[in-house]
Amino acid sequence: MNGSSSSLDTSTFNRLRRLYIFALGAVAFSIIISQIIVRKFLKDQQDDSTIINVAGRQRMLSQKLSKEVLLIANSTDGSQRLTQKNHLKNTLKQWNTAHLALLHGHDSLELSGVNSPKVIDMFGQLQLPFSDIYNASNRIISALENQPNIDVNVLSDDVNRVVTTQPQFLHIMDAIVNQYDDEANEKVNRLRQWELFLMLFTLLLLLLEFIFIFKPTARMVEKIIAKLLHSEQKAIKTAYEADVLREENERSVKELRVLNQAMDKTLLFARVTSEGSILHIGDKFSKLFKQSNFNINLNFSELISAEKNDQLYVEHILNTYNKVGWQGEIKASKSTGELLWLEMYVIPIFSKAEKSEILIIASDITEKKQAQLEVESLTKASYEENMNQQKIISSKIIENQEKEQNRIAKDIHDGIGQMLTGLKYNLESVNLNDLDKAEAKIKQLKSLTGDIIQGVRAATFNLTPPELSDYGIVPALSKLTQELAKLTGKTIEQYNRTNFNQRLDSLVEINIYRITQEAINNAIKYADSTYILVTISHSEHILSITIDDDGKGFDVNRPKNIRTGVGGMGMTFMNERINYINGRLFLNSSKESGTRITLNIPI
């Protein structure tokens with residue numbers, strides 16, 4: 001049931017994540033499109049402003065041109081005429097440059113030269129008066145350059161042409177400037193229409209997302225909660241029917257007890273392939289048989305015995321039981337000929353890559369062979385006491401699993417469910433007739449959507465983080481402290497004092513992570529602490545992790561009393577995990593100094 005529940009949670013939250021990413025992506029796409037349109041309009045508006053400015057200057061320059069022509073006509077001083085001629089020449093150049101820029105574009109004036117058909121037609125009407133003024137002005141300039149003291153009467157025809165043609169030029173130029181202004185206003189009106197269209201499109205998009213995404217999602221969450229409640233009822237029923245399966249449970253508990261004893265003692269262990277090739281052997285195994293930890297050129301049967309018959313027997317066991325497991329006694333021998341007796345456990349392991357491996361755990365029972373009968377003669381009362389204690393632990397494990405499922409269901413119902421309901425009512429309250437209120441509602445909906453996403457992240461936080469498998473225990477603990485600090489508002493920090501960055505065995509890393517997570521959660525829930533510090537340090541052979549809090553402390557003897565099944569299960573599970581990875585756990589707590597939990601793990 002645990003595996004199916006985990007799979008259900010994973011698929012559900014993956015689907016929720018995809019739906020919310022799609023919904024937010026659609027809104028973001030709408031915003032990006034609107035920004036592109038607005039920016040394009042602003043660029044066009046800037047071009048229009050430049051065009052209107054240059055066109056307006058054309059009127060000023062034409063008037064200035066007429067004025068300077070009249071000044072030349074009324075001047076009798078030769079040097080003064082030359083100065084006025086230079087002014088006229090400069091003004092004519094500017095006037096002609098601006099005129100050509102309006103028609104064909106100009107890079108330095110930032111004019112594109114793109115005009116509407118109406119403007120082009122007006123420039124066609126303007127061409128005749130422009131040419132008359134331009135040619136007459138050029139003739140005046142040429143005459144003055146050839147003969148500065150030329151008689152004014154010689155220039156009178158060109159002067160009159162400039163003066164009489166200038167009002168006609170101004171009239172047409174005014175019409176062109178007004179046309180430029182009207183076209184700019186038309187673009188502003190089009191932008192208003194686009195803005196209204198995009199706003200209505202965004203509101204419609206949100207409405208469709210509510211109908212086809214948020215509302216079905218709310219129904220899906222309700223179904224999931226119903227499934228979780230059904231699973232809870234099924235688990236309770238299974239607990240009542242546990243007596244029917246007592247014999248099977250006793251056998252499983254016995255196997256688990258034997259395995260736990262072997263791992264707690266951490267005597268001899270090795271990892272081999274299904275064909276018997278060594279992948280890794282433990283320190284004590286390598287020291288006992290004087291072999292390297294990663295001797296991949298040696299078969300396991302050749303490692304533990306020099307006798308051919310004993311080697312064939314070991315190979316037969318590995319080939320026969322590489323998928324179902326095996327437990328028994330093996331006769332071994334060192335390279336010196338010394339005989340050994342090993343109690344060996346063959347445990348199949350199936351990795352994600354579908355390549356099977358075998359975990360071999362053995363203990364040296366040479367000196368304890370005679371004590372076997374004494375071990376088998378344990379009293380029935382002692383055996384039942386141990387069984388009852390293990391049964392209490394197993395029931396507590398099931399109870400904690402059910403509590404965790406209830407917690408997830410409650411988080412979804414009280415957190416995400418309530419926020420989705422609020423999102424539904426807010427969407428229904430959007431009034432498209434009141435655009436100001438509708439805009440405020442949309443901003444509120446965006447904020448509420450962010451809260452929903454945060455709720456989803458909070459509900460899935462206690463799952464195994466990807467940092468643990470991708471980067472190791474230190475990044476995973478760093479992520480754990482950061483996320484818990486955000487969720488609880490407490491000061492939770494990690495300090496890597498010796499810059500430890502090694503990767504450990506995956507089982508070791510997950511157990512270290514769970515123990516640290518349990519310790520921090522206990523400090524948050526029960527110690528009323530405000531500051532929690534996780535310190536990491538290591539030596540050549542030991543990794544040490546210390547969890548300190550400034551809480552109210554507790555009686556360190558209380559967690560040890562688990563026979564009645566009342567309290568202390570958190571510490572019991574922490575001890576079970578630390579023993580599983582051959583580590584040690586130290587606990588100190590007082591009302592004055594808070595609580596310190598220290599983990600020492602061999603590396």
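There is an open sheet of five strands with mixed pairing: what is the order of its strands, and what goes on around it?

A: Happy to. Keep in mind that this is a predicted model, where local features need pLDDT of at least 70 and side-chain atom pairs count only at pLDDT 80 or more, while totals for chains, interfaces and linings use all residues. Residues are numbered from 1 along each chain as its sequence is written, and side-chain values use heavy atoms, with hydrogens and water left out.

The strands of this open sheet come in the order 6-7-8-10-9, and their pairing is mixed. (Strands pair if DSSP finds at least two bridges between them; strands are DSSP runs of E, at least two residues, and helices are runs of H or I, at least four, all numbered from the N terminus.) At the edges sit strand 6 and strand 9 (584–590), each pairing on one side only. From one strand to the next, the twist averages 10° (axes are lines fitted to C-alpha atoms, for helices over the stretch in contact, and angles between N-to-C directions run from 0 to 180 degrees).

Start at strand 6 (residues 491–496), which runs parallel to strand 7 (residues 531–538) and is joined to it by six bridges. In that pair, Tyr 495 faces Thr 535 of strand 7. To get from strand 6 to strand 7, the chain goes through helix 14 (residues 506–525), and this β-α-β crossover is left-handed. (Right-handed would be a clockwise path from the first strand over the helix to the second, with the strands pointing away from the viewer.)

Further along, strand 8 (residues 542–549) and strand 10 (residues 594–602) run antiparallel, with eight bridges between them. Here Ile 545 is opposite Leu 599 in strand 10.

Now for the helices on the sheet. Helix 13 packs there, touching strand 6, strand 7 and strand 8, and its direction makes about 165° with that of strand 6 (contact means heavy atoms within 4.5 Å). Helix 14 packs on the sheet too, touching strands 6, 7, 8, 9 and 10, at about 15° to the direction of strand 8.

Let's stay with helix 13 (residues 473–488) a moment: its 16 residues reach 22 Å from first C-alpha to last, close to the 22 Å expected at 1.5 Å a residue (that is, 1.5 Å times one less than the number of residues). Its buried residues include Ile 473, Leu 477, Leu 480 and Leu 484 (buried means under 20% relative accessible area, with a 1.4 Å probe and protein chains only). An α-helix has 3.6 residues a turn, so residues three or four places apart point the same way. After helix 13 comes Gly 489, with a positive phi near 75°.

Key. Buried < 20%, exposed > 50% of the residue type's maximum accessible area, 1.4 Å probe, protein only.
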